[in-house]
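Let's take a friendly walk through the nonpolar and aromatic features of this structure. Please have the coordinates open as you read.

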Amino acid sequence: MKGKYYIVQIIPEDSKEIKKYRVNTKWFTLLKIFLVVVVVAAGFIIYNAARIGHTLVNYEKIRTANAQLVKQNANYEELFSRIDSLWILEERIQNILGTFIENDSNKINSLIDKNRFAHTPSEKINVDYEGINGWKPMEEKIRLEHIPNVIPVVGIVSKKFSEENDHLGTDFSAQPGDPVFASGSGIVEFAGSKDELGNTIVINHQNGYVTSYSHLKDIRTRKGRTVGKGEIIGTVGNTGNSSAPHLHYTITQNGKEMDPELFINY
C-alpha cells in the first residue's frame with residue numbers, strides 16, 4: 001500500500017514557473033512530534049530557570065539573616081561574659097561580707113547598719129568601726145582578716161570532715177570553672193600539682209592556721225604571693241584522683257587537722 005503524500009507548491013512572485021514538491025505525510029507527523037518535544041523542553045527549561053532564580057533570591061535572604069544572627073550571637077556572648085564577671089564580683093563581695101545566699105531582710109539591714117560607718121576617721125587612724133561592737137583596734141581587724149572563716153566556694157557540701165574515715169577535709173560540689181576564694185588573708189606557700197590532690201593551693205595565714213584548696217582546674221596565684229580574704233585564687237576542677245568536679249578544702253591549726261565547717265560563717 002502506497003503512502004499518502006502532500007503536494008507543496010512554491011510560486012515565485014517574479015516567475016510564472018511553479019515548483020512542486022511531493023512530501024510524505026510521515027515527515028509532517030515527525031515534524032509535529034519534534035515541535036511538541038521542543039515546546040515541552042522549553043517549558044521545562046523555563047520552569048527550572050524560575051525555580052533556580054527563586055532559590056538564589058532565598059539564599060541571599062538566608063545569608064543576610066545568618067550574618068545578622070552571627071552578629072547577635074557575638075553580642076549575646078559579650079553580654080553573658082559581662083554578666084559572669086558581675087556574678088563573680090558579687091560572689092566575692094558577698095563572701096567578704098558574709099552575706100552569700102542571704103535573703104533575710106533583717107540580716108541585710110543589720111549588715112548595712114554595721115558597715116554604715118566603714119570609713120577611717122583622721123583622729124582614729126589606728127581603729128576601725130565594727131557596728132554594735134564599737135571601735136576596735138586595727139590590730140584586731142587584721143587578726144580577723146587572717147582567720148579562715150569564709151566559705152571557699154559557693155557550692156554544696158558533698159563529703160564532710162571525718163577522722164574515722166580518714167577524710168581530713170570538706171568536699172564542696174560545684175560547677176567546673178566556678179571561682180575558688182581564699183578563706184582568709186595569708187601568704188601562698190604552695191601553688192601547683194600535688195599527686196592525688198591534683199592542682200592545689202596552700203595558704204599560710206600566719207596565725208597557726210593553714211588552709212589548702214585541691215582538685216582545682218586553674219590556679220590564679222603563685223607561691224610567695226600575699227592574698228586577701230575573699231580573693232579569687234583558682235577555679236573548681238576535677239584534677240588528681242577525683243571522680244567529679246569539686247573542691248577539697250582543709251584547715252590545720254598548729255599542724256592539727258580541723259573540721260572546716262566549724263569555721264565557716266554560713
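Tyr249 is buried in this predicted model, because its relative accessible area of 0% falls under the 20% limit. Its partner is Phe172, and the two rings form a tilted aromatic pair, with 6.5 Å from centre to centre and 55° between the planes. Phe172 sits in strand 6 (residues 170-173) and Tyr249 in strand 13, so their pairing ties together parts that lie 77 residues apart in sequence. Phe172 is buried too, with a relative accessible area of 0%.

A search of the whole structure turns up three aromatic pairs. Ring pairs also bring Tyr213 into the picture, linking Phe172, Tyr213 and Tyr249 into a cluster.

Elsewhere, Tyr209 meets Phe263: the ring centres are 5.5 Å apart and the planes stand at 80°, so this pair is edge-to-face. Tyr209 belongs to strand 10 and Phe263 to the segment after strand 14 (256-258), so the pair ties together parts 54 residues apart in sequence. Here is how the members of these two pairs compare in accessibility.

| Residue | Relative accessible area | Class |
|---|---|---|
| Phe172 | 0% | buried |
| Tyr249 | 0% | buried |
| Tyr209 | 13% | buried |
| Phe263 | 15% | buried |

In soluble globular proteins, nonpolar side chains tend to be buried together. The largest nonpolar core in this model has 21 residues, and those with the most contacts inside it are Phe172, Val180, Ile201, Ile203, Tyr213, Ile233 and Leu247. The elements that each give two or more residues to this core are strand 9 (199-204), strand 10 (209-219), strand 12 (232-236) and strand 13 (246-253).

Which residues does Ile201 touch, leaving aside its neighbours within four places in sequence? Its contacts are Val188, Phe190, Ala191, Thr211, Ser212, Tyr213, Leu216, Ile219, Thr221 and Ile233. Tyr213 and Ile233 in that list are also among the residues with the most contacts inside the core.

Tyr6, Phe28, Leu31, Phe34, Leu35 and Val38 make a nonpolar patch of about 580 Å². Helix 1 (residues 25-97) gives the most to this patch, with five residues.

Conventions:
Residues numbered from 1 in each chain as written. Predicted model: local features only at pLDDT ≥ 70, side-chain atom pairs only at ≥ 80, totals over all residues. Heavy atoms only, no water. Core = buried A, V, L, I, M, F, W, Y, C linked by side-chain atoms within 4.5 Å. Buried < 20%, exposed > 50% of the residue type's maximum accessible area, 1.4 Å probe, protein only. Helix = DSSP H or I, 4+ residues; strand = E, 2+ residues; numbered from the N terminus. Contact = heavy atoms within 4.5 Å. Patch = residues over 30% accessible without salt bridge, like charges linked within 9 Å, V, L, I, M, F, W, Y side chains within 5 Å. Areas by Shrake-Rupley, 256 points an atom, 1.4 Å probe, with all protein chains shown as cover. Salt bridge = Lys/Arg side-chain N within 4 Å of Asp/Glu carboxyl O. Phe/Tyr/Trp six-rings, centres within 6.5 Å; stacked < 30°, edge-to-face > 60°.
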